[in-house]
Amino acid sequence: MTEERFAFFPGCISTNLYPAIERSTRLVLAELGFELVDLPFGCCPPPGVLRSYDEPTWATLAARNLAIAAREGLPLLTICNGCFGSLEEATARLNENPGLDRRVVRSLDGAGIPGGEGAAGVEVLHILDLLDTREAKEALADLVVHRLDAPVAVHYGCHYLRPSSRYGRDVEDPRILDELVELAGFRSIPFPEKLSCCGAGGGVWSGEEATSLDILERKLHLMVDAGAEAVVNVCPFCHLQFDQGQKRLGMRAPRLPSLHLTQLIGLALGMKDKVLGLHTHLVPARDLAKAAREARAAQDARD
Amino acid sequence: MTGGADDGLEEAVGAILARADVEACIQCGRCTASCPAALPSSLRARNVIRAVQDGDVTPVIDRDDIWHCTTCFSCQERCPKGVLITQAILWLRAEAARRGRYPAAHPTAMAELARSGNVFPLEPEVRTVRGQLSLPREPADTNHAPDELAAFHRLLENIGFESLVPPRRPYDGEDDGGDPE
């Protein structure tokens, strides 16, 4: 792999609400040979809430994070579509608008924050792109110890794929996440409206709860009706929506455990469900955890 | 009514029209058909874009509709004319917010961002969970790096973060049950 060290940007939902995702990411990426460097980042900031109010302010706060990575000369690794969308889009804005870039650098300088002139040049990566290389997939295939073969619904989320004009990914029939899930020994099942939104983004989660929950309810039913035993996400904000949202929906929604991709991969690598923190979710993945424990016990019996 | 003829709205709408290529819209409605918020709310992307074309966005920014957009970009992705629909909605929101129209819950998130550097704060019980998961009880973030936090606060002060938006005013129809909530 060409780049093995990354400025790790866990995002405030994984550190402050779902530390199980932070923990699982650290464990899995260490197994795969990636080194994560911890830096004093703050909120990405939220692309839905803050960007709606004032783009220059949003770009300035994003640039502060980019400056922190620039000081270390490291590419920045996100595990969240919100953080990715915000930081990647901010680098685009700074690059296409030199006037904005100068203004942002001046603001950072004025506050005594070094590294601003390097902000626009920081490479922002999403964990899916890190795992979607031949080397990472080969390493992953070698490390998988259990094939649990459970049917799961994959959720790409919006801001990893769209806008395609920016990222150039296949937004009609993406396979990146499906392939990783299958490499880890799970079955990615087809279901309607697979690429649709979870309902959390754009400041709607906090600002317009009824709309947010209606969108989620529809999505959960489509996944469960197709036979999913869990939903696999690549975004702690989508994860928060799936996990907490089911509690908010109460009896209106079927129960469907949510796992961040790194938690699913952790199970496939033989890591214990308690270590991956599956029990810390509001809707714990009990069946998957049990299947993983049984697979490990069977393995131990063979050894 | 929002503001007067001299409050810069006309100029802002002209800029949105040009930057988002709104003139290219043929009113086919694929945006509204693609919109996950169109079922549970009264957001109609086509009508929003039409208002920008007509230069009459006051009824749009005085209502809550545009704040139901999850910014999923499905409309923009599917627009046959390449109109930057999601982006136009974000720019319209900024104009609405400058006139005091925004969701009542957002100031709490903004205040938390200004205080701790994160919109989602670290709750005491999560410290315990972090410890149980063999993570440091406090993450290595801005909030736990005193020098970085001080610099962050200086930055917010310098750019006038506190006065980013005026006090909130109810949406049109909010008090008489017009809000879909």
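**Entry 1: P103 of chain B**

I started at P103(B), which touches G203(A), G207(A), E208(A) and W67(B), leaving aside residues up to four places away in sequence. I count two residues as in contact if their C-beta atoms, placed from the backbone, lie within 7 Å. This is a predicted model: local features need pLDDT of at least 70, side-chain atom pairs count only at pLDDT 80 or more, and totals for chains, interfaces and linings use all residues. Residues are numbered from 1 along each chain as its sequence is written, while chains are lettered from A and ligands numbered from 1 in the order in which they are written.

Next I looked up where P103(B) sits. P103(B) lies in the loop between α6 and α7 (106–116) of chain B. I take helices (H or I, at least four residues) and strands (E, at least two) as DSSP runs, numbered from the N terminus.

Is P103(B) buried or exposed? P103(B) is buried, because 22 other C-beta atoms lie within 10 Å. The cut-offs: a residue is buried if 20 or more other C-beta atoms lie within 10 Å of its own, exposed if 12 or fewer, and partly exposed in between, with C-beta atoms placed from the backbone. I also checked D64(B). P103(B) and D64(B) are 39 residues apart in sequence, and 7.6 Å apart in space from C-alpha to C-alpha.

**Entry 2: where the chains meet**

I then looked at both chains. In chain A, 52 residues are in contact with 51 residues of chain B. Which elements of chain A give two or more residues to the side that touches chain B? I found α1 (12–16), α2 (19–31), α3 (49–53), α4 (55–72), α6 (98–110), α12 (204–207) and α13 (209–225) of chain A. This side of chain A divides into 22 nonpolar, 21 polar and 9 charged residues. Here Ala, Val, Leu, Ile, Met, Phe, Trp, Tyr, Cys and Pro count as nonpolar, Asp, Glu, Lys and Arg as charged, and the others, Gly among them, as polar.

**Entry 3: a helix pair in chain B**

I followed α6 of chain B. The axes of α1(B) (residues 9–19) and α6(B) (residues 85–98) come within 10 Å and cross at roughly 170 degrees. That angle makes α1(B) roughly antiparallel to α6(B). (Angles under 35 degrees count as roughly parallel, over 145 as roughly antiparallel, 65 to 115 as roughly perpendicular and the rest as oblique.) Axes are lines fitted to C-alpha atoms, for helices over the stretch in contact, and angles run from 0 to 180 degrees between N-to-C directions.

Which residues make the contact? From α1(B) I noted L9(B), A12(B) and I16(B). From α6(B) I noted A88(B), W91(B), L92(B) and E95(B). The residues of this contact divide into 6 nonpolar, no polar and 1 charged.

**Entry 4: one sheet of chain A**

I traced an open sheet of 4 strands in chain A, with the order β2-β1-β3-β4 and parallel pairing. Two strands pair if DSSP finds at least two bridges between them. The edge strands are β2 (35–38) and β4 (124–126) of chain A, and each pairs on one side only. From one strand to the next, the twist averages 45 degrees.

β1(A) (residues 5–9) pairs with β2(A) in the parallel sense over 4 bridges. F6(A) has L36(A) in β2(A) as its bridge partner. Helix α5 (residues 81–96) of chain A packs on the sheet and touches β1, β3 (76–78) and β4 of chain A. The direction of α5(A) makes about 155 degrees with that of β4(A).

**Entry 5: another sheet of chain A**

I found an open sheet of 4 strands with the order β6-β5-β7-β8 of chain A, again with parallel pairing. β6 and β8 (258–260) of chain A stand at the edges with a single partner strand each, so one side of each has no neighbour in the sheet.

How many residues of β5(A) are buried? In β5(A) (residues 151–155), 4 of the 5 residues are buried. I counted 2 bridges from β5(A) to β6(A) (residues 187–188). β5(A) and β7(A) (residues 230–233) pair over 4 bridges. V152(A) has S188(A) as its bridge partner in β6(A), and V152(A) also stands opposite A230(A) in β7(A).

**Entry 6: backbone checks**

I looked for cis peptide bonds. One joins C44(A) and P45(A), with omega about 0 degrees. P45(A) lies in the loop between β2 and α3 of chain A. A cis peptide bond also joins R162(A) and P163(A).

Last, I checked phi. D149(A) is not a glycine, yet its phi is positive, near 60 degrees. D149(A) counts as exposed, because it has 10 C-beta neighbours inside 10 Å. E193(A), also not a glycine, has a positive phi of about 55 degrees. E193(A) lies in the loop between β6 and α12 of chain A.
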